[in-house]
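Have the model open in your viewer while you read.

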Amino acid sequence: MGRSLDELFDKLEALGERMEHGFQAIDRRFEEVDKRFEQIDRRFDDVDKRFEQMDLRFEQMDLRFEQMDLRFANVEKRLDRHDGMLGSLEEMYASLVQMVGHSNARMDEIQSDLLELKRLWEQTDKSTAFLEHKVFEHEKQLFLLRERFESYIQERRDKES
């Protein structure tokens, strides 16, 4: 009986070590998930910075449009006084077209950034789903192992009784 008890304790110790390895693997997975979340946080910080830059650019554009409005008002006064200044008006029109071109290019950049954000979100969503599945599988295995262990202990107790 002493020998079988020693064997049982050896098996329990081996089982405990295997469980510890399983827990360590789960801890590593959690660390990987934490690292992924940190990466996501950094990406969102980058996105926030890009939006701040875009806000600043929009403010600058608003100021430019206000300046353009003032310039147009001055041009209208000049046109009322001087019909011969048509060339100046055409130059301002070309400048406005150029500004619209710049605005369109900026909007294209914004759209590209949004598509990249969508791609990153989808990638993160897939990674998170995979990790959740793996954690569920590990928990299921631990539950089954615990059930078998408790059943084994109960059988041993029943035999000893």
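Predicted model: local features only at pLDDT ≥ 70, side-chain atom pairs only at ≥ 80, totals over all residues.

**Charges first, then the fold**

Residues are numbered from 1 along each chain as its sequence is written, and side-chain values use heavy atoms, leaving out hydrogens and water.

What is the secondary structure made of? The chain comes to two helices and zero strands (DSSP runs, H or I of at least four residues for helices, E of at least two for strands, numbered from the N terminus). Its radius of gyration is 35 Å, well over the 15 Å that the globule rule gives for 161 residues, so the chain is more spread out than a compact globule. That radius is taken over C-alpha atoms, and the rule is 2.2 Å times the number of residues to the power 0.38. Along the principal axes, the C-alpha atoms fill a box of roughly 120 × 20 × 15 Å. Of the 161 residues, 12% count as buried, meaning under 20% relative accessible area, with exposed over 50% and partly exposed in between (1.4 Å probe, protein chains only).

Now look at helix α1, residues 2-81, where you'll find valine 47. Valine 47 is buried, at 13% relative accessible area. Its C-alpha atom is separated by 7.9 Å from that of leucine 117, 70 residues apart along the chain. Arginine 71 is in helix α1 too, but this one is partly exposed at 46%. From arginine 71 to methionine 92 is 21 residues in sequence and 8.7 Å in space, C-alpha to C-alpha.

How many salt bridges are there? The count comes to five, taking a side-chain nitrogen of Lys or Arg within 4 Å of a carboxyl oxygen of Asp or Glu. One of them pairs glutamate 109 with arginine 106, the closest N and O atoms being 2.6 Å apart. These two are three residues apart in helix α2 (residues 86-160), so about one helical turn separates them. Glutamate 109 is partly exposed at 40%, whereas arginine 106 is buried at 10%. Glutamate 116 and arginine 119 also form a salt bridge, at 2.5 Å between the closest N and O atoms.
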